[in-house]
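Here is a short tour of a protein chain, written to be read with the model open beside it. Please keep the viewer at hand and follow the residues as they come up.

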Amino acid sequence: MKKLLYIAAFAICGALFLAACSSTPRVTRLDADTQVDLSGRWNAADSRLVSQEMIRDCLSHFWIDQFMRQTGEMPRIIVGTVRNLSDEHIDTGTFVSDLERALINSGRVRFVASADQRIEIREERLDQAIHARPDTAAPMGQETGADFMLQGQIRSIRDSINRRQAIFYQTELELTCMRTNERVWIGQKQIQKYISRRRFRG
């Protein structure tokens, strides 16, 4: 009888071990630029693609050459708010970072720190004014202002029937002159995704 109990206990432990092993996730490392689209929703690849193409379009229009002819300098740009008006959660902070990276890497504009970043920098500057040697402290009132602000929104339209679904994303960006409030560029980028889900058979 004891032998049967030992065998049963061993079999149960073995089954539990196999179940635990089978539920362990399998992880595959991918290159950061690899496009992975599991759900069909807005993802990191979409953010990079849209930001790069829209900044490329923005910097190819006449406003930048006109500004450089008038001032002899590269324009200074700040990225403002990008609103998520879609029906899903989108990390607009990641998209803003992608826009900033595309602007800086273009080499055609100078980039001004965001409002949150400026607050932290000003606090450090104030701390330096109190605690640092005068010859090493960053002076107050020497900030560089932005010439243009980039703002925008992301919208989505969803259409579905049975196990098929289409999602349409539209990103709109606007570049505004800080001095005159004139819009010097308006851009639009659209992405459409089709998702079909297989029916699982028991």
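Predicted model: local features only at pLDDT ≥ 70, side-chain atom pairs only at ≥ 80, totals over all residues.

## How exposure is judged

Throughout this report, a residue is called buried when its relative accessible area is under 20%, exposed when that area is over 50%, and partly exposed in between, with a 1.4 Å probe and protein chains only as cover. The areas themselves come from the Shrake-Rupley method with a 1.4 Å probe. Glu73, for instance, counts as partly exposed because its relative accessibility is 40%.

Residues are numbered from 1 along each chain as its sequence is written, and side-chain values use heavy atoms, with hydrogens and water left out.

## Overall layout

The protein chain has 5 helices and 5 strands. Here helices (H or I, at least four residues) and strands (E, at least two) are DSSP runs, numbered from the N terminus. Read from the N terminus on, the order of elements is α-α-α-β-α-β-α-β-β-β. Of the 202 residues in the protein chain, 29% count as buried.

Leu49, in helix 2 (residues 44-58), is partly exposed at 34% relative accessible area. Leu49 and Lys189 are 140 residues apart in sequence, yet their C-alpha atoms are 9.7 Å apart in space.

## Cysteines

How many disulfides does the model contain? With a disulfide taken as a pair of cysteine sulfur atoms within 2.5 Å, the count is 0. Cys58 is buried at 1% relative accessibility, and Cys177 is buried too, at 11%.

## Salt bridges

A salt bridge here is a side-chain nitrogen of Lys or Arg within 4 Å of a carboxyl oxygen of Asp or Glu. By this rule, the model has 14 salt bridges. One of them joins Glu73 to Arg110, with the closest N and O atoms 3.4 Å apart. Glu73 lies in the loop between helix 3 (62-71) and strand 1 (76-84), and Arg110 in strand 2 (residues 110-111), so the pair ties together parts that are 37 residues apart in sequence. Arg110 is partly exposed, with a relative accessible area of 34%. Glu73 and Arg110 also belong to a network of salt bridges that links them with Arg76 and Asp147.

Another salt bridge connects Arg158 and Asp87, whose closest N and O atoms are 3.0 Å apart. Arg158 is in strand 3 (residues 148-161) and Asp87 is in the loop between strand 1 and helix 4 (92-106), so this contact ties together parts that are 71 residues apart in sequence. Both are partly exposed: Arg158 has a relative accessible area of 31%, and Asp87 is at 47%. Glu174 and Arg183 also form a salt bridge, at 3.4 Å from N to O; Arg183 is exposed, with a relative accessible area of 55%.

Patches are made of residues with over 30% relative accessible area and no salt bridge, joining like charges within 9 Å and nonpolar side chains (Val, Leu, Ile, Met, Phe, Trp, Tyr) within 5 Å. Leu126, Ile130 and Met140 make a nonpolar patch of about 320 Å². Ile130 belongs to helix 5 (residues 115-131) and is exposed, at 60% relative accessibility.

Which residues form the negative surface patch? They are Glu120, Glu123, Glu124 and Asp127. For charges, Lys and Arg count as positive and Asp and Glu as negative, with His and the chain ends not counted; the place of a charge is NZ of Lys, CZ of Arg, CG of Asp or CD of Glu. Glu124 is found in helix 5 and is partly exposed, with a relative accessible area of 41%.

## A positive phi angle

Finally, have a look at Asn181, in the loop between strand 4 (164-177) and strand 5 (183-196). Its phi is near 65 degrees, a positive value in a residue other than glycine. Asn181 is exposed, with a relative accessible area of 62%.
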